[in-house]
Amino acid sequence: MKRVLLLVMTVLITGSVARAQFSEVIKRSEVHGSFEFDGAYYMADEGVGITDSMINGRNFAFNGFGKITYTLGKFSAGLRYEAYLPPLAGFDPRIEGQGFPNLWAMYTSERFSFTVGNFYEQFGNGLTLRTYEEWMLGYDNSLNGARVTFEPVKGLLLKGVYGMQRFYWTPYTKNSRGIVKGFDAEMDFNQVIKGMSDSKVRLVLGGSFVSKYQADQDPLYKLPRNVGNMAGRMTLGVGRFNLSTEYAYKINDPSAINNIIYKAGEGFLVSATYSAKGFGLYAMFKRYDNMSYKSNRAVTANGLDINFLPPNTETHTYMLTSMYPYNTQPNGEIGFQFQLNYKVPKKSKLGGKYGMGIAVNYSQVNDIVRDPVNVPGTDTTAIDLPGTDGWTSPFFKFGKRIFWQDFNIEIDKKFSKKFKGTLTYMYQTYDIATLEGHTGAPVVYSNIGVLEMTYKFTSKQALRWELQGLWTDRDKGDWAALLVEYTVSPHWFVSFSDQYNYGNPDEVKRINYYTGSFGYTHRTTRIAITYGRQREGIVCVGGVCRAVPASSGFYVTISSSF
Amino acid sequence: MKRMIVLTVILFLGVTIYAQETSERKKLPSVNIKTLDGQTFNTQNIYNDGKPILVSFWALWCKPCKKEMDAYNENYEDWQDETGVKIYAVSIDDARSTAKVLPFVSGKDWEMEVLLDPNGDFKRAMNVNMIPHTFLLDGNGNVVYQHTSYYEGLEEELYELVKKVAAGEDISKH
């Protein structure tokens, strides 16, 4: 580690020295980068049940990264430094440490690119491969190896990848995890086929094949060392209609996630949209059956996923609408979603001077149906027993268990130059036993309402407030929330928020989670300081979640890029 | 020892930032992203014939981003008449909601050109940490200004800069 740091320092310092002599080279090269520092000072707080012994001396914690990219013509290279000393509460403890987990170099020309080191890539919707990073989750499954992209004909893009995925700070030694190889091809018919360049029909076809290799060291089962996952996809557009679909098939992949069954996996997504001026319609259907695909079959939690299974639910961002978020169930789920976006025209009776926006959304996810299969060597049948083929599942059938239902409607209207507001209503069914692992807990049914208003005092000063309520007689009961934010463009904000669990069946737990924040932004640099209590919750991005424990204290975020 | 390394790196980056502030010249990197139809679009094709360009990163789940876009949309016609500015709105929504971007944009009747960056490739290449993050490019395709966060009324100040850029002024001292 010290050697790498020394090398980096030498290169950068030599760069500045060389500046004087190789001015021509320097003029053409560029250095850019960014960094972020998220720190916390945790304090004991009897009201939330946090004692000094629980903090155990680890009052200070921070997650930080700094990245630099160097570009010279067709060549670029970069590195990223990360430190979690120790990580903030709610992040996987294996992330503690510091170092350079991301180093890469790339050559790009018009039709060809070659990358070595750590890289991110997505094939189609991600059902076969998606390596990405999400700082809020502490998620980074980058591939460390090599990638080639090649465009033999304009409109036909080929990609090949090879490597091992990042797993916290584990070095890339042999057998530390599986090896991933993948290939993707995508053809844009409107570019490739001369006759179609002006066509009203837009067509893109793609296919991918990914394979992972992991040695079999299991004493009991004979595990497949090479597991392939392949997918085909299509996007078709005709006039105002668009259709997008992808189907993935994964061969037998017994793992800790699927309880060591030899069943194949299937993933299917299809969405259709209709767009007109001021009007948009969206419908989608999705089904996953045993689609977890990790480069180490023994890993559970959020590590080493090779693919990405998009959920079909709406992302909610208000304090109370995001209290019970959805996380994807890779072993099996089937669902659909509808959305309507409409802008009531300006100058109409309902629309008023500026028009009014209406958005209606409904999504539902059920478990799949599982039928028993034969247990080898016996006369019996079973579902989900290790060493068997798991189950069979009729493709379009919805299982009885509903994981999630979400009906929401959002209306936004600008009343005058100074005054605008948004009103939201949501009805939610949340199977907390499945989605959060609270075994035996009853399903949470809740009604949620949010009223958000913004008033502009001057062209640069505004006051925004939110009033929210969540009403349920399950889990923690009713909540009320308030947020007030005062902003002075372009630099300042100050805000106060409170979430009050006034309806908790246990009187002692009727807690106020209050916070106060203020921040300053200048160009790309932003500093924000928050003091108060964070309620226990779940942070989710794209259906991948991490649990956040309750905490109390000071929080600082500093972020910048250049 | 660890804290020393961290502090050194932060210090170094801090110095580099201030060094860079005086010379913001940067052309857009070459990254393959997508159009709303799912067709590949290379960022080198972001072009406005010598007139200013705004590239703004947003997502369906980012409320301040949508407010910023609404503010730009309200003024877009006037801005275009006066300066010829072109706005590219790059959505970083991942596969969960990429297909929802088109009907949402239609339902809002947004006039700017919307692009899709589902795996964050363009976002990473542009060193965007938090969204909203907006870049202003001059007639030669150089990034001359960028900011993160959106507060009510920010678009007015941004437009002052767009006008200056359209007139050929150097705004690097701003």
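Mentor: Start with the overall size of chain A. With 562 residues, a compact globule would have a radius of gyration near 24 Å, and chain A has 26 Å, which agrees. That radius is taken over C-alpha atoms, and the globule rule is 2.2 Å times the number of residues to the power 0.38.

Trainee: Where does the model come from, and how do the labels work?
Mentor: This is a predicted model, in which local features need pLDDT of at least 70 and side-chain atom pairs count only at pLDDT 80 or more, while totals for chains, interfaces and linings use all residues. Residues are numbered from 1 along each chain as its sequence is written, and chains are lettered from A and ligands numbered from 1 in the order in which they are written.

Trainee: How many helices and strands does chain A have?
Mentor: Chain A has five helices and 32 strands. Helices (H or I, at least four residues) and strands (E, at least two) are DSSP runs, numbered from the N terminus.

Trainee: How many residues of chain B are in contact with chain A?
Mentor: On chain B, 48 residues are in contact with 70 residues of chain A; contact means C-beta atoms, placed from the backbone, within 7 Å. The elements of chain B giving two or more residues to that side are α1 (2-21), α3 (98-108), β7 (143-148) and α5 (154-166).

Trainee: New topic. Is β3(B) mostly covered or open?
Mentor: Mostly covered: six of the six residues in strand β3 (residues 53-58) of chain B are buried. Buried means that 20 or more other C-beta atoms, placed from the backbone, lie within 10 Å of the residue's own. B:I53, B:V55 and B:F57 lie on one side, with B:L54, B:S56 and B:W58 on the other.

Trainee: Which strands does β3(B) pair with?
Mentor: β3(B) pairs in the parallel sense with strand β4 (residues 86-91) of chain B over six bridges, and five bridges join β3(B) to strand β6 (residues 133-137) of chain B, antiparallel. Two strands pair if DSSP finds at least two bridges between them. B:I53 stands opposite B:K86 in β4(B), and the bridge partner of B:I53 in β6(B) is B:L137.

Trainee: What about helix α2(B)?
Mentor: α2(B) has a kink of about 55°, centred on B:Y76. The bend at a residue is the angle between axes fitted to the seven residues ending there and the seven starting there. The buried residues of α2(B) include B:C65, B:M69 and B:W79, and the buried residues of this helix pack against β3, β4 and α5 of chain B.

Notes:
Contact = placed C-beta atoms within 7 Å. Buried ≥ 20, exposed ≤ 12 C-beta atoms within 10 Å, placed from the backbone.
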